[in-house]
Amino acid sequence: MLINKPPAIRSSEITPRQRYLNRRRFLGDAFSGALAVGASALGVDRLTEMVSPPTRVEADDKLETVKSPLSTTGEQLTSLEDITHYNNFYEFGVNKGDPAQNAGKLPTRPWTVKISGQVKQPKTFDIDALLKLRPLEDRVYRHRCVEAWSMVIPWVGYSLAELIKECEPLAKAKYVQFISYYNSKVEKWASESTIYWPYSEGLRMDEAMNPLTLLTFGIYGQVLPNQDGAPVRVVIPWKYGFKSAKSIVEIRFVEKQPSTTWNEMASNEYGFYSNVNPNVDHPRWSQKAERRIGLPFYAQRRATLMFNGYGDQVASLYNGMDLRRNY
């Protein structure tokens with residue numbers, strides 16, 4: 001069993017976020033004067049890349065959490081620095097550092113999540129109501145990206161199943177679709193992209209109801225930084241990272257398999273299920289190994305685990321399925 005008991009130390013106590021934020025703000029202030037002086041020598045664009053803006057800070061950044069039994073133990077956590085500065089969030093840029101540079105423009109208050117489709121009655125939840133719906137848990141999960149890199153992240157949230165119960169889906173609701181925030185006036189990279197916005201992802205109902213599927217509000221005991229999907233996202237640890245929709249504004253309960261962004265864009269590369277499977281290569285690279293971000297170079301490379309190591313909890317969801325065909 002790979003998930004057994006919570007870590008001995010609360011995730012929020014391992015790397016104090018305020019210290020990290022103060023350090024970044026100090027560095028930004030220290031170098032701000034160099035922008036005018038150094039622009040001619042380094043180029044304005046290059047200098048801007050060197051000084052990324054600090055993560056958003058609010059008075060209520062700290063989240064009250066409890067320990068969760070559904071937490072991966074025994075693995076070194078990825079630093080907050082890496083989690084917040086090595087991101088895929090294509091609304092804000094294609095390079096890994098772009099979201100940290102550009103996502104400060106994302107407005108996270110006020111924020112509502114609309115519930116629609118095959119439910120007893122459509123609803124709209126305010127983000128603060130969602131935060132109070134159930135106790136927030138510290139959960140350490142492996143995060144595996146389809147690009148063959150990985151992290152170990154201390155998320156904060158509660159099982160998506162708890163929200164689904166409140167939504168009262170009808171029997172005909174077989175899938176759950178997530179729609180992400182999108183506003184072309186806010187998001188910098190949208191005009192350069194050929195992606196079909198807004199970002200859409202989906203799960204089968206039994207996948208969404210699995211206790212590991214996390215409705216997520218924070219990392220390291222603090223609210224989610226914008227670049228990591230603030231103010232609310234989902235995390236499905238046995239699937240590749242792009243399945244975990246960020247900055248959710250609508251959850252739809254539907255009868256048929258919904259369209260999803262990457263599956264629409266390149267169905268030969270990104271299947272609907274997208275379970276972590278080292279035996280099914282991406283058309284352009286192998287999935288048999290991965291690179292753990294933040295570790296020394298010699299320790300980064302490791303074998304990819306089936307279902308990202310969560311097979312005991314989720315393999316039964318796919319009994320009888322051809323996981324090469326249903327990739």
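Trainee: How many of the residues of β5 are buried?
Mentor: Eleven of its eleven residues are buried, so β5 is mostly covered. Please keep in mind that this is a predicted model.

Trainee: Which strands does β5 pair with, then?
Mentor: β4 is one partner: eight bridges join it to β5, and the two run antiparallel. Strand β8, residues 214-219, is also antiparallel to β5, with five bridges. Strand β12, residues 289-292, pairs with β5 in the parallel sense over two bridges.

Trainee: Which residues stand opposite each other there?
Mentor: His143 stands opposite Met151 in β5. Trp149 faces Arg291 in β12, and Gly157 has Thr216 in β8 as its bridge partner.

Trainee: What about the hairpin of β4 and β5?
Mentor: Four residues lie between the strands, and Ala148 takes a positive phi near 75° in this hairpin.

Trainee: Is Leu136 buried or exposed?
Mentor: Leu136 is buried, with a relative accessible area of 7%.

Trainee: And Asp138, buried or exposed?
Mentor: Asp138, which is also found in strand β4, counts as buried because its relative accessibility is 6%, where the limit is under 20%. Its side chain and that of Thr65 are joined by a polar contact of 2.8 Å.

Trainee: Changing topic: which residues have the most contacts inside the largest nonpolar core?
Mentor: They are Leu163, Phe178, Phe217, Trp238, Ile251 and Phe253, in a core of 69 residues. Strand β5, residues 149-159, gives the largest share of this core, with seven residues. Another core, of eleven residues, lies apart from it; Val146, Trp197, Tyr199 and Trp262 are among its members.

Trainee: What does Phe178 touch?
Mentor: Not counting residues up to four places away in sequence, Phe178 touches eleven-residue-core member Tyr199. Its other contacts include Leu160, Leu203, Val234, Ala245, Ile248 and Ile251.

Trainee: Now the open sheet of five strands: what is its order?
Mentor: The order is β3-β2-β11-β6-β7, with mixed pairing. Its edge strands are β3, residues 123-126, and β7, residues 200-204, each of which pairs on one side only. On average, and with direction ignored, neighbouring strands are turned by 20° against each other.

Trainee: How many bridges join β2 to β3?
Mentor: Four bridges join these antiparallel strands. Ile115 stands opposite Lys123 in β3.

Trainee: Which strands does helix α6 lie across?
Mentor: Helix α6, residues 160-167, lies across β2, β3, β6 and β11, and runs at about 135° to β3.

Trainee: Last topic, the rings. How many aromatic pairs are there?
Mentor: The count comes to 13 aromatic pairs. One of them is Tyr141 with Tyr310, which is edge-to-face, at 5.9 Å centre to centre and 75° between the planes. Tyr141 is in strand β4 and Tyr310 in the loop between β13 and α10, 169 residues apart. Both Tyr141 and Tyr310 are buried.

Trainee: Why is the pair of Phe307 and Tyr318 stacked?
Mentor: The ring centres are 5.6 Å apart and the planes are at 15°, so the pair is stacked; the angle must be under 30 degrees. Phe307 counts as buried at 6% relative accessibility, and Tyr318 is buried with a relative accessible area of 3%.

Trainee: Which residues form a cluster through ring pairs?
Mentor: Tyr175, Phe272, Tyr273, Phe307 and Tyr318 are linked in this way.

Conventions
Residues numbered from 1 in each chain as written. Predicted model: local features only at pLDDT ≥ 70, side-chain atom pairs only at ≥ 80, totals over all residues. Heavy atoms only, no water. Pairing = 2+ DSSP bridges. Axes fitted to C-alpha atoms, helices over the stretch in contact; angles between N-to-C directions. Contact = heavy atoms within 4.5 Å. Buried < 20%, exposed > 50% of the residue type's maximum accessible area, 1.4 Å probe, protein only. Polar contact = N/O pair within 3.5 Å; in protein donor to acceptor, adjacent residues only side chain to side chain. Core = buried A, V, L, I, M, F, W, Y, C linked by side-chain atoms within 4.5 Å. Phe/Tyr/Trp six-rings, centres within 6.5 Å; stacked < 30°, edge-to-face > 60°.
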